[in-house]
Amino acid sequence: MIGAGPTGVTAALDIFNAGLKVVLVHRPGKDPCAVGRAETVHAATLASLKRSGIEISALRQAVSPLEGVTSKWGNGDVFNEVADQRFVITRALFDDCLLAAARMLGVPIVDGAVEAIDNTGGQLTVVLRDGRSLAASFVLDATGRSAKWAHRFGAKENKIDTLTALSATYSAPELKKILVVEAVEDGWFSSVPDLKDGRQVTFFTDRTVIGTSHGRRDLLLARLSETSLLRHLSGQNPHEPPKLWAADLKTLDQSARSNLIAIGDAAQTIDPLSGSGMTAAIHNGRSAANAIIAHRHSGRTLSSLEHSRRAEFENHLRLRAAYYNVENRFAQGRFWTARRTCV
Ligand SMILES: Cc1cc2nc3c(=O)[nH]c(=O)nc-3n(C[C@H](O)[C@H](O)[C@H](O)COP(=O)(O)OP(=O)(O)OC[C@H]3O[C@@H](n4cnc5c(N)ncnc54)[C@H](O)[C@@H]3O)c2cc1C
């Protein structure tokens, strides 16, 4: 298993718990995609980790409950809802806790970087940068959006959009435990409390809107001032310069017979508007783990794995079109029209 994010850790645990030999290769150091990022997850996602043996108590320091959701989406009315069983997580800390739990449960973990993977006669050899090597029947690529090894093994990427996230943290104690979502003309905002005294504000838009690095702070300010729920933050300087994250929707075409399988975000990503990215990634990794377990125990082929993954992605595209169709104030805008149909 290459990559120790939520997908890699849970899928490695499932394989380990089934009594098969698995090694989790963890790249030491902080994951740049997780540092400084707060995300929201549903209680069901946390509960599902328990199926892999991870107790919620092991994640406590990285998780805090949300109290409510305030949104302005659709005809411009503001909705206030109780955040039923939703939590905000500090991603870097959350990932550290998951890895520590896997270590404690006995999953063999190798700290190191993969240099090369050799595929000779169906037997894979994973060579680490320090010269160590691991023989494997399967390699699971759980390296997130980069899908580094799946690409090297010939998987082709289908990019559905160029969604990009521009994110900064502000002081806003008055909105402390509320998730705020609001649509603007060329994108939408999501804002969550971080675990300190700040509020992470993320503007999701198309890559072309972001432009050069110089104008990012001004762009964020300009778009914040178009909102009604977050406008008051536009008078403040963010704690640090805004960060840019790729959030594009994409799926990999990979061979159903390959013994190198991309899982989680490496296999496909979903629109963050759904708030279910991590759930979908873990589910995808778990399906691959189960298929490998069934294959090793009873010789079942893995052929249905790719088929069901594609069906899940198509379902997501339909759901995404439904979400974006609800917003009707910016009907002519390019950002919105591109997402209203099921590609
Ligand atoms: C801006 C943004 C906001 C989001 N907000 C939410 C949200 O609120 N709620 C939600 O549920 N989802 C959210 N998501 C989606 C969620 O972050 C992903 O679905 C989830 O992180 C996928 O987990 P993963 O383990 O598949 O990949 P990742 O979390 O990307 O983990 C990949 C792991 O592989 C490691 N790695 C990478 N390359 C290598 C390598 N060469 N060798 C070894 N290790 C490697 C990385 O260090 C990392 O540990 C958001 C996504 C974005 C972009």
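Two residues are said to be in contact here if their C-beta atoms, placed from the backbone, lie within 7 Å. The model is predicted, so local features need pLDDT of at least 70 and side-chain atom pairs count only at pLDDT 80 or more, while totals for chains, interfaces and linings use all residues. Residues are numbered from 1 along each chain as its sequence is written.

**The two domains**

Begin by colouring domain 1 (6-66 + 90-159 + 250-319) and domain 2 (163-246) separately; their bounds come from an automatic or database domain assignment. The C-alpha centres of domain 1 and domain 2 lie 29 Å apart. Where they meet, 11 residues of domain 1 are in contact with 12 residues of domain 2, and the residues on the domain 1 side divide into 5 nonpolar, 4 polar and 2 charged. In this sorting, Ala, Val, Leu, Ile, Met, Phe, Trp, Tyr, Cys and Pro count as nonpolar, Asp, Glu, Lys and Arg as charged, and the others, Gly among them, as polar.

**The ligand**

Next, select the ligand and the 35 residues around it, of which Gly-3, Gly-5, Gly-144, Gly-264 and Gly-277 come nearest; a residue is near a molecule if its C-beta atom, placed from the backbone, lies within 6 Å of it. The elements that give two or more residues to this shell are α1 (6-17), β2 (38-42) and α7, and the most come from α7, with 4 residues. Helices (H or I, at least four residues) and strands (E, at least two) are DSSP runs, numbered from the N terminus. The shell has 15 nonpolar, 14 polar and 6 charged residues. Because domain 1 and domain 2 both give residues to the shell, the ligand lies between them.

**Helix α1**

Now select α1, whose 12 residues should span 16 Å at 1.5 Å a residue, in agreement with the 16 Å between its end C-alpha atoms; the expected span is 1.5 Å times one less than the number of residues. How many of the residues of α1 are buried? The helix is mostly covered, with 11 of its 12 residues buried, where buried means that 20 or more other C-beta atoms lie within 10 Å of a residue's own, exposed means 12 or fewer, and partly exposed is in between, with C-beta atoms placed from the backbone. What covers these buried residues includes β1 (24-26), α2 (43-51), α3 (91-105), β11 (139-141) and α7. Just after α1, look for Gly-19, which takes a positive phi of about 90 degrees.

**The nonpolar core**

Stay with Ala-12, one of the buried residues of α1. Leaving aside its neighbours within four places in sequence, Ala-12 is in contact with Met-1, Val-22, Leu-24, Ala-102 and Val-107. Ala-12 and Leu-140 have the most contacts inside the largest nonpolar core, which has 83 residues; such a core is a set of buried Ala, Val, Leu, Ile, Met, Phe, Trp, Tyr and Cys residues joined through C-beta atoms within 7 Å. Helix α7 (residues 277-298) gives the most to this core, with 8 residues.

**Two last stops**

Move on to Glu-81 in strand β5 (residues 78-82), which is exposed, with 12 other C-beta atoms within 10 Å. The C-alpha atoms of Glu-81 and Leu-179 are separated by 9.8 Å, although these residues are 98 residues apart along the chain. Finally, find Arg-310 in helix α8 (residues 303-326), where Arg-310 is partly exposed, with 13 other C-beta atoms within 10 Å.
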